[in-house]
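Student: Can you walk me through this model? I'd like to ask some questions as we go.

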There are 2 protein chains.
Amino acid sequence: MKVTCVQENLNKALIHSSRIISVRSSLPILDNILVSTDQGRLKISATDLELGINYWIGAKIEKDGSIAIPSRLITEFISNIKEDKINISVDNNNVLIEGEKYNATIKGVNAEDFPSIPDISEEYTFTVTSRDLMNAINQVAFAAAADNTRPILSGIFFKIEKDILKIVATDSYRLAEEKVKITKNEKTNKSFIVPTRTINEVGKILKDAGEKVDISYDENQILFNFGSIHLVSRLIDGQYPNYEQIIPAEFENEVIVDKQELFNVCKVASLFARESANSIKVNVSFEKGKEKDEKGILSIIGQGVQVGESVSKIPVKSKGKEIEVSFNAKYILDVLSAIPEKNVEIKFSGANSAGLIKGEGKNDYLYIIMPLRN
Amino acid sequence: MKVTCVQENLNKALIHSSRIISVRSSLPILDNILVSTDQGRLKISATDLELGINYWIGAKIEKDGSIAIPSRLITEFISNIKEDKINISVDNNNVLIEGEKYNATIKGVNAEDFPSIPDISEEYTFTVTSRDLMNAINQVAFAAAADNTRPILSGIFFKIEKDILKIVATDSYRLAEEKVKITKNEKTNKSFIVPTRTINEVGKILKDAGEKVDISYDENQILFNFGSIHLVSRLIDGQYPNYEQIIPAEFENEVIVDKQELFNVCKVASLFARESANSIKVNVSFEKGKEKDEKGILSIIGQGVQVGESVSKIPVKSKGKEIEVSFNAKYILDVLSAIPEKNVEIKFSGANSAGLIKGEGKNDYLYIIMPLRN
């Protein structure tokens with residue numbers, strides 16, 4: 001192999017690819033990145049056998065070939081050198097990298113030992129915009145279960161309904177759903193569960209991606225096609241719970257509140273709620289006789305027998321009944337960090353029923369929190 | 001106690017004071033911050049019995065008193081609320097904190113149980129500027145021993161010689177010394193060893209401090225007086241090694257090189273030097289026949305039997321003999337991160353002798369690195 005490429009492009013490809021590599025890989029060869037020539041371009045590949053990436057960059061190819069190179073060393077080396085263009089050549093598994101100021105020889109591994117990135121039969125494909133997918137990932141993925149006790153809940157649910165893709169996550173205590181418009185679709189109505197790790201990598205790649213993403217799937221795998229970057233992942237096997245039944249049909253009170261202000265008071269209340277498993281009280285009342293003017297007061301209360309208590313009050317626009325309900329402060333803070341809008345709408349359905357939070361005026365997103373018992 | 005103060009001032013005082021508290025304190029009372037009125041001001045105090053702080057802020061005092069308050073809760077609470085002024089009052093060890101939006105009751109502890117911050121007999125005092133002391137701490141403290149196997153080397157050596165304060169640190173593999181001008185002194189020639197932790201706290205407080213610092217000491221303790229902040233620390237007992245003997249008297253080669261460029265090439269070389277305990281080769285040669293023009297080439301080489309090697313070359317101004325010597329890359333990277341000047345001077349005294357690094361043209365600072373054997 002003998003090629004010339006731009007350091008900055010190779011650097012980006014290596015940073016995205018090296019993240020795919022597992023810190024505890026099952027086979028030593030998987031600690032490597034595969035660098036190979038592919039029809040006039042340079043292809044950078046990595047896999048942990050569940051998730052794989054192919055990343056193509058432009059290059060001047062003098063001689064075709066391929067080599068596996070230790071991921072950590074090549075990634076750190078390329079990110080630390082200051083060069084415009086670099087030459088890469090392989091001689092007897094030694095990888096020679098030459099720039100103007102920096103020269104290195106890195107011991108490579110025979111490319112034949114590298115497992116192939118799993119391929120997908122591209123039977124079904126649909127397309128969404130990068131921006132919509134990014135927004136959905138940011139506002140949904142954090143709600144998936146962090147541990148693996150119920151593997152299905154540790155994934156993100158994709159549900160295609162005609163030209164709408166619903167992206168859903170829940171850990172059974174809270175649930176987030178965003179609807180994304182499908183701009184092109186071959187087949188209607190299908191659903192599958194994508195590992196959260198895959199979705200987080202998609203989110204990172206989207207920052208560098210073009211306007212649209214093609215998503216292909218078969219029974220076992222999903223391919224996110226960003227053009228010159230392909231991410232292939234296994235799907236999680238199983239039946240996603242029928243989550244729609246937990247979304248309350250009716251609400252007793254609705255509040256509109258400044259997101260940052262609500263974040264601050266919930267943060268303060270949570271300091272006092274450590275011994276009560278982060279449970280804070282949310283109380284909506286009205287200024288005396290001002291129910292019809294919608295002049296409400298939102299009080300957030302954190303209490304701990306050993307430490308004391310905090311009470312913070314925010315004047316809000318509110319309509320409906322007065323209400324008091326307890327939630328896990330973390331679940332409120334999480335969603336407020338993810339919502340981009342300045343104001344949020346909170347809907348309450350009673351002291352023992354779920355609450356709903358979303359950006360003001362936003363109808364394609366919802367976040368449900370289950371109440372805590374006092 | 002009943003007082004009113006500015007949230008921002010109290011916040012700063014709590015942030016600096018809470019850092020003094022040990023994560024593993026020997027007495028539960030030491031997890032608290034002592035808040036007390038003191039001659040028309042509010043005094044915030046904390047100690048771990050080795051290092052103590054008294055931090056005074058302005059306040060409107062309605063009723064004198066004092067109370068110990070759990071450090072983590074009060075610090076996080078005050079830093080998270082958005083208020084202008086806050087009222088603090090104490091009722092039966094309950095601390096009531098009231099702002100416009102935020103109200104809290106925190107359970108306090110009787111102030112009588114709080115140990116007094118160790119006092120110092122202010123027999124000897126000298127004064128330095130905050131800027132000089134800050135520079136010295138930044139360029140010296142990192143060279144102290146990180147572990148406690150030789151307690152003396154885990155401290156910073158202060159040596160007063162008439163109107164010069166030498167600040168020195170060494171872990172026996174490298175040594176840093178900076179000379180600071182004393183602007184006012186009562187007694188000449190004295191030395192003592194200050195714990196590195198104390199010096200690091202001094203460095204953090206200096207960012208918020210005025211123009212000068214008064215330093216007082218007795219046999220066992222040192223007081224850094226920043227005006228409205230006092231930091232009192234024990235000294236480390238023992239005899240500091242006679243470090244001046246390791247500073248080479250003569251050099252065989254001198255190089256002037258761009259600091260950032262040298263940092264980059266040493267960083268790259270260190271990637272290849274992991275299996276050789278970070279040992280990198282530094283080589284100075286001349287362009288053929290250009291010795292008299294001082295046209296040198298500085299080569300930095302990292303090698304690992306298992307991984308390969310990197311060679312980076314920088315054209316430099318150099319005079320003296322050609323030379324090759326091995327150093328620990330970390331020790332070079334550390335000092336380059338600390339030096340503020342754009343260019344550095346490196347002086348070599350041979351393959352088996354120490355090297356010296358300092359900012360170009362700087363005569364009150366030096367950094368010595370011992371060579372490694374190949």
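**The core**

Student: Which residues touch the most other members of the largest nonpolar core?

Tutor: A nonpolar core is a set of buried Ala, Val, Leu, Ile, Met, Phe, Trp, Tyr and Cys residues joined through C-beta atoms within 7 Å. Buried is when 20 or more other C-beta atoms lie within 10 Å of a residue's own, exposed is 12 or fewer, partly exposed is in between, and the C-beta atoms are placed from the backbone. The largest core here has 218 residues, and those touching the most other members are A:Val140, A:Ile156, A:Ala269, B:Val140, B:Ile156 and B:Ala269.

Student: Before we go on, what kind of model is this, and how is everything numbered?

Tutor: It's a predicted model, in which local features need pLDDT of at least 70 and side-chain atom pairs count only at pLDDT 80 or more, while totals for chains, interfaces and linings use all residues. Chains are lettered from A and ligands numbered from 1 in the order in which they are written, and residues are numbered from 1 along each chain as its sequence is written.

Student: What is B:Val140 in contact with, leaving aside its neighbours within four places in sequence?

Tutor: Two residues are in contact if their C-beta atoms, placed from the backbone, lie within 7 Å. By that rule, the partners of B:Val140 are B:Ile156, B:Ile167, B:Val168, B:Ala169, B:Ala176, B:Glu177 and B:Glu178.

**Chain A**

Student: How many helices and strands does chain A have?

Tutor: Helices (H or I, at least four residues) and strands (E, at least two) are DSSP runs, numbered from the N terminus. Chain A has 374 residues, of which 40% count as buried. Its secondary structure comes to 6 helices and 26 strands.

Student: Which residue is the bridge partner of A:Ser36?

Tutor: Strand 2 (residues 32-38) of chain A pairs with strand 6 of chain A in the antiparallel sense, over 5 bridges. In strand 6 of chain A, the partner of A:Ser36 is A:Ser66.

**Where the chains meet**

Student: Which elements give two or more residues to the side of chain A that touches chain B?

Tutor: Start with the count: 26 residues of chain A are in contact with 26 residues of chain B. The elements giving two or more on chain A's side are helix 2 (71-80), strand 9 (102-107), helix 5 and strand 22 (308-320).

Student: Are helix 5 of chain A and helix 2 of chain B roughly parallel or antiparallel?

Tutor: Two packed helices are described by the angle between their axes and the distance between the axes. Here the angle is about 170° and the axes are 10 Å apart, where axes are lines fitted to C-alpha atoms, for helices over the stretch in contact, and angles run from 0 to 180 degrees between N-to-C directions. Angles under 35 degrees count as roughly parallel, over 145 as roughly antiparallel, 65 to 115 as roughly perpendicular and the rest as oblique. Helix 5 of chain A and helix 2 of chain B are therefore roughly antiparallel.

Student: Which residues of helix 2 of chain B does helix 5 of chain A meet?

Tutor: Helix 5 of chain A brings A:Asn264, A:Lys267, A:Val268 and A:Leu271 to this contact. On the helix 2 side of chain B, they meet B:Leu73, B:Glu76, B:Phe77 and B:Asn80.

Student: Which residue stands opposite A:Gly308?

Tutor: Strand 22 of chain A and strand 9 of chain B pair in the antiparallel sense over 5 bridges. In strand 9 of chain B, the residue opposite A:Gly308 is B:Ile106.

Student: Is B:Glu309 buried or partly exposed?

Tutor: B:Glu309 is found in strand 22 (residues 308-320) of chain B. Its contacts include A:Ala104 and A:Thr105. Because 18 other C-beta atoms lie within 10 Å, B:Glu309 is partly exposed.

Terms used. Two strands pair if DSSP finds at least two bridges between them.
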